[in-house]
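Please open the model in the viewer and keep the selection panel at hand. The stops below proceed from one selection to the next.

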Amino acid sequence: MTPTQPLNDAPLDLPDDHPYGRHHLPYGAIKVGQEVHLAVRIGDHALDLATAAADTPWAVALSEPQLNSFLELGPQAWSGLRGWLQDALGNPARWGELEPHLHAVEGLTLRLPLHVADYVDFYASEVHASNVGAIFRPDGNALTPNWKHLPIGYHGRSSTIVISGTDIVRPVGQRKAKSDPQPVFGPSIKLDIEAELGFVVGGSTPLGSRVSVDEAVDHLFGVALFNDWSARDIQAWEYVPLGPFLGKSFASSLGAWITPMAALVDARVPLPAQDPEPLPYLQGSTGAMFGLDLTMEVRLNGTVISRPPYAGLYWSPTQMIAHLTVNGASLSSGDLFASGTTSGPEPDQRGSLLELAWDGTEPLTLDDGSTRSFLEDGDTVTITATAPGPGGVTIALAEVSGTIRPALSSPQGAVSAGS
Ligand code: CA
């Protein structure tokens with residue numbers, strides 16, 4: 001096959017500190033002619049797994065256009081393939097065998113590398129939950145009484161999760177400000193972002209079983225940056241008493257490359273103290289209870305508006321899995337759950353415009369002099385992140401980006417635009 005662009009002389013001869021070096025190896029899906037192939041990113045190239053790994057024990061799963069079958073194979077297969085890749089990529093004598101399967105990332109068309117089975121969004125940042133509580137319920141306690149007893153979440157809409165780079169059409173719906181005597185209908189005027197980390201789950205479980213915190217480690221395949229676009233005005237009117245619905249379900253964006261958990265071993269950090277002590281089913285061994293030292297950067301039209309830290313989130317991702325299965329709900333390979341908006345304690349560490357501009361009372365000023373409380377049509381939001389890798393190197397998570405397009409003027413318009 002013909003690579004998309006000519007390769008340089010030694011595409012696999014990477015410096016040890018390359019953010020997409022051998023220590024990282026995130027998974028994606030690339031267009032190759034008319035087909036979609038799974039791939040792993042190495043440096044500025046994508047290694048086509050459908051062809052490069054055709055003689056490995058995982059070849060059948062890797063011949064599919066999405067990761068779900070490979071996810072179902074479980075952690076031994078995940079570490080097996082990773083070891084095979086690291087051996088091959090670390091041995092210059094084997095580079096010649098791999099190079100025919102490399103494609104320059106620049107110019108590649110990427111696809112979502114998994115069929116998202118079920119999608120759950122959690123709410124694990126105490127700072128974010130407190131900020132939202134203070135804004136939405138100024139007369140009550142900022143944290144709801146259940147918040148420190150269970151990882152709060154809701155089931156979202158998996159079919160509207162889109163790959164980074166997909167345009168986001170401004171949603172239309174009902175809203176009712178305090179000053180409105182009746183609800184009004186129209187395009188959202190409080191369109192927002194939520195900077196989150198998405199976790200990809202592998203290994204299905206039977207209905208009626210549950211997964212402990214310790215067992216959950218073996219179901220965590222990897223992470224990608226996640227932007228849970230949110231229409232605050234639709235959300236505020238609809239969410240009582242059953243929670244988020246149309247204010248969230250129109251679109252969420254996922255980074256194109258899934259960073260394996262195995263690449264983030266050096267990024268693990270202890271959780272904050274959990275007080276009160278969680279119920280026993282939310283407890284696990286020390287190694288299964290962790291946060292991640294991962295720092296995001298949120299850009300709005302190129303201006304950095306926030307640097308939210310993931311470290312400090314209250315609940316471990318393993319506790320989130322234990323909680324979402326404690327009632328007997330099964331896991332499916334390809335399940336995705338998100339952390340909830342990541343907000344740190346400083347004003348410039350908040351993960352949503354709702355918090356950054358404090359519901360419109362403190363608008364942000366961008367580098368071009370314009371101001372924002374919420375998103376305008378044409379705005380582009382890009383979230384990137386870095387985390388520590390082995391030996392002091394840095395891992396760069398693939399960006400998640402999206403541009404806001406105007407609301408469609410009629411339902412007929414929506415049909416024709418989508419067909
Ligand atoms: Ca969210």
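Select Arg 307 and Glu 297, which form a salt bridge (a side-chain nitrogen of Lys or Arg within 4 Å of a carboxyl oxygen of Asp or Glu); their closest N and O atoms are 2.7 Å apart. The pair links distant parts of the chain, ten residues apart: Arg 307 lies in the loop between strand E21 (303–306) and helix H10 (317–325), and Glu 297 in strand E20 (residues 295–300). Helices (H or I, at least four residues) and strands (E, at least two) are DSSP runs, numbered from the N terminus. Arg 307 is partly exposed, with a relative accessible area of 45%, whereas Glu 297, at 18%, counts as buried. Buried means under 20% relative accessible area, exposed over 50%, and partly exposed in between (1.4 Å probe, protein chains only).

This is a predicted model, in which local features need pLDDT of at least 70 and side-chain atom pairs count only at pLDDT 80 or more, while totals for chains, interfaces and linings use all residues. Residues are numbered from 1 along each chain as its sequence is written, and side-chain values use heavy atoms, with hydrogens and water left out.

Next, select Arg 232 and Glu 194, whose salt bridge has its closest N and O atoms 2.8 Å apart. Arg 232 lies in helix H8 (residues 232–238) and Glu 194 in the loop between strand E12 (191–192) and strand E13 (195–201), so the pair ties together parts that are 38 residues apart in sequence. Arg 232 is buried at 3% relative accessibility, and Glu 194 is buried at 4%. The structure holds 14 salt bridges.

Which residues coordinate the calcium ion? The donors come from Asp 121 (OD), Glu 194 (OE), Glu 196 (OE) and Asp 228 (OD), at 2.2 to 2.3 Å. Donors are N, O and S atoms within 2.8 Å of the metal (3.2 Å for Na, K and Ca); water is not among the atoms, so sites may look incomplete. Along the chain, the donors follow the spacing D-x72-E-x1-E-x31-D. Asp 121 lies in strand E6 (residues 119–122) and Glu 196 in strand E13, so this pair ties together parts that are 75 residues apart in sequence. Both Asp 121 and Glu 196 are buried.

Move on to the open sheet, where five strands are arranged in the order E4-E3-E2-E1-E5 with antiparallel pairing; two strands pair if DSSP finds at least two bridges between them. Strand E4 (102–104) and strand E5 (110–111) stand at the edges, each with a single partner strand, so one side of each has no neighbour in the sheet. Within the sheet, strand E2 (residues 35–42) is joined to strand E3 (residues 45–48) by four bridges; Arg 41 stands opposite Ala 46 in E3. Helix H4 (residues 75–89) lies across E1 (27–32), E2 and E3, at about 70 degrees to E1. Axes are lines fitted to C-alpha atoms, for helices over the stretch in contact (heavy atoms within 4.5 Å), and angles run from 0 to 180 degrees between N-to-C directions.

Finally, colour the chain by pLDDT, the predictor's confidence in each residue, from 0 to 100. The chain averages 95, and 96% of the residues score at least 70. Over residues 1–6 the pLDDT stays under 50, and the model has twelve contacts for them beyond four places in sequence. Residues 414–419 are also below 50, with two contacts beyond near neighbours in sequence.
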